[in-house]
Amino acid sequence: MSMSHESRRTFLKGVGVTALAAIGDGIGPAVVRGQGGSPIVIGCQADLTGTFASWYYWIEKAARAAVERVNREGGIQGRQVKYVVEDSESNPATGTRKMRRLIQREGADFVVGSVHSGVNLSSIPVAKELQTPYFCIAMAAEITAERGNRWTFRVGSHVRSQVQASYQFAVDRIAKKWTVVVTDFAWGWSHRDWFKKEIEAHGGKVLDAIAIPVGTKDFVPFLSRIPGDTEGIYWVMPGGDTLGYILQLHELGYRGKKLSPICAVEAIDVEKVADQLEGAWMIEYLPRREKYRDTAFQRDFRKAVGADPEGREIGNPSRVIAGSHYWAAWESVNLIKKGIEASKWKSRKDHPAFIEALEGIQVKEGPDFPQGDLVVRAEDHQGFHTHWMSQVTKGKVEVKFEVPVKQVMYPVPVDFRKQKA
Amino acid sequence: MRLILAEVSARPSRFLALTLLVLAGYAALIFAVTAANIGRLPNDVHVFAVREGLVDAFTLSMSLSDRYHLLAEQPLVEFGYRYPAGGAVVEGTMEGVYTLTLHVATNLTLMSALIAIYLMLFARILRARRLGRAAGGGLVGLGGGPVGVLSAGAASMACCGGSGASIVFSVLGVAAGVGRVLVEYDQLFGIIGLALIIVSVWATARVAAASSACAKG
């Protein structure tokens, strides 16, 4: 039986559609992928367990809430965001492996990183190898310096920014003669070296630098070395070590000035050691208390993440926020969105354009960037933003003044633009 | 080598028991140093997804050196102190964490097995009760052995608990920098320790062989 002309046309059309569908898994999605309706995949290299779990609890909440908000508002360029999470277990080897899983197995187009410096540093080469933009949350200075590359970005503050934000006030208004007390590992040494350099270059003097082994319980042998003419102590210590240090410093009778980055007490409920911390100065990267950044953006952000105005978990006030870190994840997701829109990113082959779009980008405070105005420096991909000098008064961290973005900027250490993206 | 194999195959359960005993000694030392580090008993144990890690190390795409590094650094288990809710330290903050990795576990097991062999050979010498012409070698075997054990112990402590070593040295009045040196050069100390224990085993085997020959003679 012969086909009519119309039947033949219909038949051929059907064959054509069937053929396209049959090769769809091979060629079709490669054409469709990265365009139209397929989701953009943002991976989160989250420290859900292990040493940094208490901090990343908040950071992951912020990243997740940011993605949910983006999707509620229609996605990015009409495409929904698929959010995938892998647990780094707060371990560099595991974190690096999970970075590969996120990209190679989950198809992550972008990755928001761990808050663990060791995880970030070991994952940075993987970001370059697998050509995936990597948004670091940790604070090792080397991330946006000698150990970074063109695929890495950092929205938030780190050692150099914190010292840059504070040294002038420290030497002008707090003390001229300082003793630096740090934990004896990379983070402590970094603060010691940069603080000493800036203080002594601007009219102050560091009388001594005391490095205390991690996990020390008896601080007295070290604290008794503090020179008698010390006017101020700059101290940097992680987690539970801080508690022992501030209690014993107080017991020894020290009532002089104290200055530290807020990281030193990020794991401490300041109200519970009000006497010991009374008068201590702290550099904050986002005020722990909402009243000091009382904008609609901040209120919405805190509500989305589940933090109350005093910096505690809504419904569980014993849980204090990692206030100076969690916002970086929210803003990293929104920076990704900004970069996609600015570069008209459609797929991974547009990553070079995405990277170029972010180099030197300046964004204004708003729902996407509730921390404040942000500049991502073109050369080293480091974000610069407002800091705050705060002081502990009767157990509360009270902001005294803002440190503007320009004052936080330090000289460029490296130019990633010399590398091919 | 023949003597070592003969000794181990003649007394396999003793070899196994001695190995486990030495391994338990290392574990106890690591636990004690960690507890001293924290100032209290650890209350939190985390077992890592080892099977997943091993599968990923062989199935994810990466260079050979990255694959080796991933395998070597695969964490197995960690323990430390987790702060409870309600105190001055934020709920869930962890302190004094010790992480056992695959390469450390392998290193410890190898060291333990070698020390077990050394002890078995030493016991064989004592059974023969004669040193004879192998007196010089005996001194090497007998003297080098403890040095090898100590070196292996130092190396293991360095790669397993460098910060803990710092605490211990601080308490003993030795500069904390010594602990840091151990951590920085832990691979070197490991190699030195391994070399020393191998030399000790070899020397002791020679003495044991000579002692056995004398005893038969």
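User: Let's say buried means under 20% relative accessible area, exposed over 50% and partly exposed in between (1.4 Å probe, protein chains only). Which residues of α4(B) are buried?

Analyst: Those are B:R67, B:L70 and B:A72. Bear in mind that this is a predicted model, where local features need pLDDT of at least 70 and side-chain atom pairs count only at pLDDT 80 or more, while totals for chains, interfaces and linings use all residues. Residues are numbered from 1 along each chain as its sequence is written, chains are lettered from A and ligands numbered from 1 in the order written, and side-chain values use heavy atoms, with hydrogens and water left out.

User: Thanks! And what do the buried residues of α4(B) pack against?

Analyst: They pack against α4 (92–105) of chain A, along with α3, β3 and α5 (102–128) of chain B. Contact here is heavy atoms within 4.5 Å; helices (H or I, at least four residues) and strands (E, at least two) are DSSP runs, numbered from the N terminus.

User: How many residues does each chain give to the contact?

Analyst: Chain B gives 39 residues and chain A gives 36. About 2900 Å² is buried between the two chains, with carbon and sulfur atoms giving 52%; that is the accessible area (1.4 Å probe) the two parts lose on being put together, summed over both.

User: How many salt bridges are there between chain B and chain A?

Analyst: Eight, counting a side-chain nitrogen of Lys or Arg within 4 Å of a carboxyl oxygen of Asp or Glu. One pair is A:R100 with B:D66, whose closest N and O atoms are 3.0 Å apart. A:R100 sits in helix α4 of chain A and B:D66 in helix α4 of chain B, so this pair joins two chains.

User: Nice. Is A:R100 buried or exposed?

Analyst: A:R100 is buried, at 2% relative accessible area, whereas B:D66 is partly exposed, at 30%.

User: Now salt bridges inside chain A. What does A:E398 pair with?

Analyst: A:E398 pairs with A:R289, the closest N and O atoms being 3.0 Å apart. The pair links distant parts of the chain, 109 residues apart: A:E398 is in strand β17 (residues 396–403), and A:R289 is in the loop between β10 (281–284) and α11 (296–305). A:E398 counts as buried at 16% relative accessibility, and A:R289 does too at 8%. Salt bridges with shared partners join both into one network, with A:D269, A:E271, A:K272, A:K291, A:E310, A:R312 and A:K396.

User: A:E398 makes me think of A:Q391. Which residues does A:Q391 touch?

Analyst: Leaving out residues up to four places away in sequence, A:Q391 touches A:G279, A:A280, A:W281, A:K396, A:V397, A:E398 and A:K400. A:Q391 lies in strand β16 (residues 387–393) of chain A and is buried, at 17%. A polar atom of its side chain is 3.0 Å from the backbone oxygen of A:G279.

User: Last one: how many residues of α9 of chain A are buried?

Analyst: Ten of the 13 residues in α9 (239–251) are buried, including A:L243, A:Y245 and A:I246. The elements covering them include β6 (177–183) and α10 (274–277) of chain A, and β3 of chain B.

Terms used: Polar contact = N/O pair within 3.5 Å; in protein donor to acceptor, adjacent residues only side chain to side chain.
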